[in-house]
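Look over the sequence and the model first, then read on.

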Amino acid sequence: MSELKLAKLPDRKPVKIAITVSPNLNKKLDAYADAYKGAYGDAEKVSDLIPFMLEQFLDGDRSFRGARRRRTSDASDRTN
């Protein structure tokens with residue numbers, strides 16, 4: 001069987017996580033949703049924006065990315 005250029009797709013099954021936020025954070029999230037609507041013209045629910053906000057935050061955190069790479073590298077070193 002030949003190797004395909006496209007790797008096997010990752011698990012895309014959504015995972016539901018319930019969180020409780022402070023009233024102050026809720027106001028900020030509502031304000032962000034308003035700013036999003038102003039910027040793009042599309043109204044989006046805060047609950048729809050949060051996963052993308054979190055992903056962008058984690059992708060932009062250089063320290064986290066480095067620690068994650070080190071952890072992955074350490075794990076592969078132990079299996080060799």
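## Overall build

From the N terminus on, the chain's elements run α-α-α. The count is three helices and zero strands. Helices here are DSSP runs of H or I with at least four residues, strands are E runs of at least two, and numbering starts at the N terminus. This is a predicted model: local features need pLDDT of at least 70, side-chain atom pairs count only at pLDDT 80 or more, and totals for chains, interfaces and linings use all residues. Residues are numbered from 1 along each chain as its sequence is written, and side-chain values use heavy atoms, with hydrogens and water left out.

The chain has a radius of gyration of 18 Å, whereas a compact globule of 80 residues would have one near 12 Å. That radius is taken over C-alpha atoms, and the globule rule is 2.2 Å times the number of residues to the power 0.38. Along its principal axes the C-alpha trace spans about 50 × 30 × 25 Å.

Of the 80 residues, 6% count as buried. Buried means under 20% relative accessible area, exposed over 50%, and partly exposed in between (1.4 Å probe, protein chains only).

## Helix α1

Helix α1 covers residues 23-40 and includes Gly38. Gly38 and Ser73 lie 35 residues apart in sequence and 43 Å apart in space, C-alpha to C-alpha.

A search of the whole structure finds one aromatic pair. Tyr36 and Tyr40 form this tilted pair, at 4.8 Å centre to centre and 50 degrees between the planes. Rings of Phe, Tyr and Trp (its six-membered ring) pair if their centres lie within 6.5 Å; planes under 30 degrees apart count as stacked, over 60 as edge-to-face and the rest as tilted. Tyr36 and Tyr40 are separated by about one helical turn because they are four residues apart in helix α1.

| Residue | Relative accessible area | Class |
|---|---|---|
| Tyr36 | 24% | partly exposed |
| Gly38 | 65% | exposed |
| Tyr40 | 56% | exposed |

## Surface

The chain exposes about 8,000 Å², and carbon and sulfur atoms supply 55% of it. Accessible areas come from the Shrake-Rupley method with a 1.4 Å probe; for residues, only the protein chains shown count as cover.
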